[in-house]
Structure formats: structure tokens, C-alpha cells
Amino acid sequence: MAEELRKDDEPVKIPEVLPVLPLRDVVIFPFMIVPLYVSRERSIKAVDHALSENRMILLLAQRKQEDEDPGPDGVYGFGTVAVIMRMLKLPDGRIRVLVQGLSRARVLGFDEARPHLQAKIEALPEVEPQERTLELEALMRNVKGALERSAGLGKPISPEVVVIANNMEEPGRLADLAASNLELKVEGAQEILEAVAPLDRLRKVHDLVTKELEVLAMQQEISSQAKGEMDRSQREFFLRQQLKAIQGELGEGNELAEEVAQLRDRIAKAKMPKPVQEEVDRQVKKLERMHPDSAETATLRNWLDWMVGLPWSKATKDNLDLKEAQRILDEDHYGLEKVKERIVEYLAVRKLKEKTKGPLLCFVGPPGVGKTSLGRSIARALGRKFVRLSLGGVKDEAEVRGHRRTYVGAMPGRIVQGLNQAGSNNPVFMLDEVDKIGADYRGDPSSALLEVLDPEQNFSFRDHYLGVPFDLSTVLFICTANLVDTIQPAFLDRMEVIRLAGYTEEEKIEIAKRHLVPKQLDEHGLTPDKLAVPEPTLRAIIGGWTREAGLRNLEREIAGVVRKVARRVAEGDPHAPAKVTPAMLPKLIGAPKVLPDEALKQDEVGTATGLAWTPTGGDVLFVEAQVMKGRGNLQLTGHLGEVMKESAQAALSWARSRARQWGIGDAYFQQHDLHVHVPEGAIPKDGPSAGVTMATAMLSVFTGRKVRRNVAMTGEITLRGGVLPIGGLKEKLLAAKRAGLTMLLVPKKNAKELEEIPAPLRRGMEIHLVETIDDVLGHALLPLGKPRRGSAKRRPKGPSGAFRQARPAPAPATARAGARRRRG
């Protein structure tokens, strides 16, 4: 049965089932009116449910404040039934509700089937004592008096609350009113709430109020002592000034004077630029006149320590031996010829002209291709110090430019801190993960870096904390990123982008033999004579356990192999292998984790093979097309993005415009529906370079001609049938080779990029440059075969009769890979 309460002489019926609103750090008592901010999704749904029913909701305190989604075990089983008086939706998605407590309630059970927490309750109406005993009267008077005295001792209790308490005659409501103004912790307030009997509740509140009075009295006493301490400090200041005058008369020095003398000596050794030294000298004179123990003196001391510690004139001498630099680069990294060539060119210019501005390089490539380690290798080849600064997730501009000295705990930015750490003004400074820089109300770090990385401005970089210019023109800045899409355009414009594509299988094997295997053997206490990992084993690991553009997973798997063998050696196993063969790998590191990309088993109608770019390298993309009786509808499936859907529309429009050329009747498209599907539907796909693949699949299914299974293609299609250039050509070529495809159709406008791909990578691939979709179809589609004898079905034809083959011509194609996870 629903319990009935009375509020202002009106009966209030409380349902047996109510939605629950968990509260983080507050306990609401009956008859309290409190504003609450609600931001959690389940809590908002609970409020909406209450507003749609009877505006009543159960308020329960959480047991743990940090719990974001508390369940039945995360809230107390005793709370307050409240009515929602007002509700206001805020612009940031939160809602503000004004609630008034009605009654205590005990939870009998929870219903978790709903999107919000809901509870079956038993309402507990307020029970007044049958008689006013002397103890009850005394407790009420003491609590009222204690509230009044607390307000007088500085407790933030409003005069209206004191007046209401003095006029209140119900002991239970008086206890609730006093408890709500005591700033109790959740556990203490919950204990008061769960005390149903008014007399017991009043006793507990009386004890708490008495304790609060003692604390307030002690607080007032401490404040009085602090005031006396301040008076004493002023007195000591005057005495110190008199002592300073006496020491001056006696010719005796002090600690501050000695510190200033040391600072002047360090300033002379720092060899600062003239404007900087003038500012430092001015601040040193100011320090001489300041009190040694004042807060401003400590701030100025810190600033001067930073100024004299920075490498204003300290620089390392560059290694200008080009052959030695080339040897070091080759020793540390296999391949990456373009990067090495650029560094040696910089050294050559530096050898011819002493004062040159440091280049600003940006290495862009997938994770694990060696961007950061390449920075260390460059520093070693140049003979410079190396500093690395990770910018991933940095959102505060002060991280770059520093905080102004007016703030407590101010420090220089991380650029100046890195230079101080390096101890030279010309280090190799690596700014890692520049594509992951954030921005919020505290500023945009990308914009702050514009001054750092612009050679026309960074000779006078001004950190907010230093307040004086610092010359960064001799610093060799190197940035790294996985993608350039998220880098601010003005920021990207200042950098010389060098792309590091993924490694081929042969390159990975060579790197593993030269670097990864020796490194893991050394880290696990083994030597090459105790364990050998031959080339076939490395090839098996690369093909069956890793699929990546870089080397991180390969190194992990090699470490796993070496670790298993190291354990058997440590255990004294006489059968521990001295050589790991491919057959041993499943026992050592488990079953293969990667299913290799494979070409189609046979030539098929309506299925074409495309190529996609992903952040971890290239991938094979199959496009399937099928027609059925219908009304000319186009259905696209496979988690395609907007650009890919537009490519399909463009391919269909081109096919319809060339219907007669391909022997397709005028009414064919009105009488058939077309369904285009790209498998692996859970993976988002987008980008324009799948246009030629979609057109090929469509024309194949329209004409009944099979697509060659060994042909892969890539390129963006135009409505006129042209093929535009694409990006990520090397990664796509790697994917085609990995899948065993032997013919590749590439846009003609990508011919220059094709020439830059190493010859070993192109070996075994028949590459055709295409300029129009007709060229693509000429290479991809097989001629019509004769139907089998006795076959009941004939090859489907277009309504207008036979197919006429178009002449193939050399052609182009492109796709600026603009994808999410997989870019078509």
C-alpha cells in the first residue's frame, strides 16, 4: 500500500516504486529544499521518468563518490523521497533540478531492468513523541542554543535558519534542520537520516552540535594567535632593518650580499646577450634592496637561477665529417635513404657555411617505423645533445611558452626546460606526436609552436616566464606524427615533411637480423652461439604473427621466442633449442595471430579487388556487386563513409552513361536493383580511391564478364570516366604483393611516385598505368566465354543484346586516402 504523509495539511501519496537519483557527496533530509546538478545519463533518465509520472524521486547517497555508475551495492539502502519542484536544462547537457524532501524511505529492492535505477520502497512518515518529556525539552533547547552560538562564532548559518529553529516545536524536524547545517560527511549525515525515532535522532544531533561548538571555539583561538604572530612578524621586520643598519655601520656583510656576489659571478660566466644581461643586472639590483625572507625574494631568486643556468653561449661542436655521419646513420638504421640523404645535405651546407639556420623536419609515418629512434641517431651523427618532448595530449599553451612570473609556482615552458636539460643551445630537439596536440580554453599549443618553429621568428623566442628573447635558430627541430590530417595547416606549412612508409618483408628481415635479434638476445642474457633465429623463422613470424607497417609487434614476438628459450636454458633443460625453426613457433608463441591476405580463388562475375591505405600500412579490399529484379535502386553496405558512397554513385552514373557502348539496354537500370557490398562490415571504410574498383565490379555484373582474380586496382573515378591519382601507393603495392596479386592498375598521374618505389618491391608485379576507366576494364575484365554444353541457364545479357568491347588505352587513377580506419 502507498503510504500517506501530510505536508501543509494536504495528503501526499508516495508510490511504492520510484526512480532513484544517486547523490555523490550530500545527504538530503525531509523538508529540505536543495538545487541539484545532474549530468550522468542514467540519472537524467531517472529525472525524466519522475517528471513524466508524479514528479517524485528517491534520493540515495553513494557509498563511493568516485563511482560513475553506481548499482544497487553502490548506494545506501535508506534515503529521502523528494518532489521535483523545478527543472532547467543547461547548455552543456546537464540539468538543474530543485527538489524538496518529503519523507524518509527504506529500500526493499531494486529493479535494474530499466535504463535507470529504480527501487521498491517503504515510506517512513515522521512519528511525533506521545509526550514531551523533560529530556526532550532540554535537548531541543540545547540544540537551538548551540545553533545560535555557532552562528555567532562564524559558522555560515543564515539568521533565517536560526529564527526557524527557535520557533520549531517538532523534535524530528529540528534535528533534521540542525544536521543539514552542520556540514557533516556523508557517513555521519546518513547515520542521522537512518535514525527514525525523533528522540534518538535529536540525541545524536545534540552530540554533533556540541562537538562543532568546541571546534569553532578552538578555531577562534587559533585565529587570535595568528593575528598575534602577524604583529610579531612586523616587529621582527623593523628589528631586522635596524640590525641591517648596525651591520652596515660595522662593515659586516650578510647572506644576501654573498648570494648576490655569487650571482654576479655566474652572470659574467653565462655570457648572455647584451639586452638580456641588462635585464638580469636590473633584477639583481632589485634583489639587493629586498627583504631576504619575503615571498617576492624567493620568486626573483628562482628566476635568476633559471637565467644564469640557461646555455646562452654554450654550444656543441658539429661533426662535419660527412662519411662518418653517413656511417653512423647506416649503423643505426637500415633503409630510410631519403632521411639520411637530407641530414648529410644539411651537414654539407653547414661545412660550407658556418652560420646556417637549422632545418625543421617532420617525420610522418605509421607507429613503429623508427621516427623517434631516428632522431637519436641524427643527434649522434651530428655530435649534438638530444632532447625529446612529447606533445601528445598537451592542451595548455603555457606548456610551450611558460607561465608568467605573477603566478604562484610559475615555471618556464618545456622548450626552455629542454634546453636547460641539454646544456647547449644547439641540440637536436624532437617534438613527438605533434598530430595529437589538443586545444581548449587555456590556449592552442599549435599556435604557440608557430613562433618556435619559424626560422624567421625563433631567433628571438620569448618565454613568458623568462620575459627576454632566446635564440632558437641553431636548434635542429624534428617533429614526428602518424598523420598530417590533424596538424594545424599553418603549423604544417612551416615543416619539411618526410614520409616514412612501412617496411617491406625483406627490409624487416634485414632489420631483425641486424638489430632486433641481437638486442633481444643481449637483454635476455643469451649469446648468438646459444640461440639462433634464422631467416625462414623470421619470415614466418612476420607473415603469421604480425601485420604492421613498423616493427614493434615483430620485436615483441621475437622477445617472446627468446624469453621461452631463456627460461628453458635457466632451468638447465638439456633439450633447449639452439636454433628456432618455423615449426617450433606455435609451441613458443602460440597459434598464428594474422590470417594472410589472399587473392580470390577463381575469376568471378561482380567481384573486383581494390587496395586500401590504413594507418598501419596497406590492405586488400574486395568489392562485390549483385543485380536483381527491382526498380533501379542502389544499395550500399559494408560500413562505408560518405566519400566512398559518392564514389559508388559516380561509378553507377558513368556506367549508365555508357550503357549502349557496353551492350546494356535503356530499360535495364529501371528494371533491376544494384547491391554493392564491401566485406568486413565492422570496419569503417572511406576515401575516393575505390572508385575504379566499384566501377569494375558494376560493369562486370551488368555484362556478365568475369574479373581477373590476379588484378588489383586503385584510383578515383570521375563522371567523365577519368582516373585521378591516389595516395599511399607504396603501402598499397605492399598489400597487393602480400596477397599474391601479380597485376596492378595504377593511375597514370602516379607514375612519378611509382618510380620512387624501390625496384625489389616492384619485382614480380605487372604494373599498368591507366588514364580512363575503359583502360581499367580492358585489363581487368575477361572476354565472354561460351556457355557450357547442356547448361539450362544462359549468360545474362543486357536488354539490348550483345556486348561490344571497348579498346583499352593507357590510363590514370587516384585517391587521396582520406579514411577513418581503412581508407579505400
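**The parallel sheet and its surroundings**

Strands β10 and β11 pair in the parallel sense over five bridges. Two strands are taken to pair if DSSP finds at least two bridges between them, and strands (E, at least two residues) and helices (H or I, at least four) are DSSP runs numbered from the N terminus. Within this pairing, Arg388 stands opposite Met430 in β11.

The model is a predicted one, in which local features need pLDDT of at least 70 and side-chain atom pairs count only at pLDDT 80 or more, whereas totals for chains, interfaces and linings use all residues. Residues are numbered from 1 along each chain as its sequence is written, and side-chain values use heavy atoms, with hydrogens and water left out.

The two strands belong to an open sheet of five strands with parallel pairing, in the order β10-β11-β14-β9-β15. The edges are formed by β10 (386-390) and β15 (496-499); each has a single partner strand, so one side of each lacks a neighbour in the sheet. On average, neighbouring strands of this sheet are turned by 20 degrees against each other, direction ignored. Such angles run from 0 to 180 degrees between N-to-C directions, with axes as lines fitted to C-alpha atoms, for helices over the stretch in contact.

The loop between α14 (414-422) and β11 (428-432) holds Ser424. At 2% relative accessibility, Ser424 counts as buried; buried means under 20% relative accessible area, exposed over 50%, and partly exposed in between (1.4 Å probe, protein chains only). Beyond its neighbours within four places in sequence, Ser424 is in contact (heavy atoms within 4.5 Å) with Pro311, Lys314, Ala315, Thr316, Lys385 and Leu419.

The cysteines may be considered next. A disulfide is a pair of cysteine sulfur atoms within 2.5 Å, and by this rule the count is zero. The sulfur of Cys362 has its closest cysteine sulfur in Cys479, at 5.4 Å, which is too far for a bond. Cys362 is buried, at 0% relative accessibility, and Cys479 is likewise buried at 0%.

Finally, a helix pair: α17 (residues 505-523) and α18 (residues 535-545) pack at an angle of about 115 degrees, with their axes 10 Å apart. The contact is made by Glu505, Glu506, Lys508, Ile509, Ala512, Lys513 and Val517 of α17, and by Glu535, Leu538, Arg539 and Ile542 of α18.
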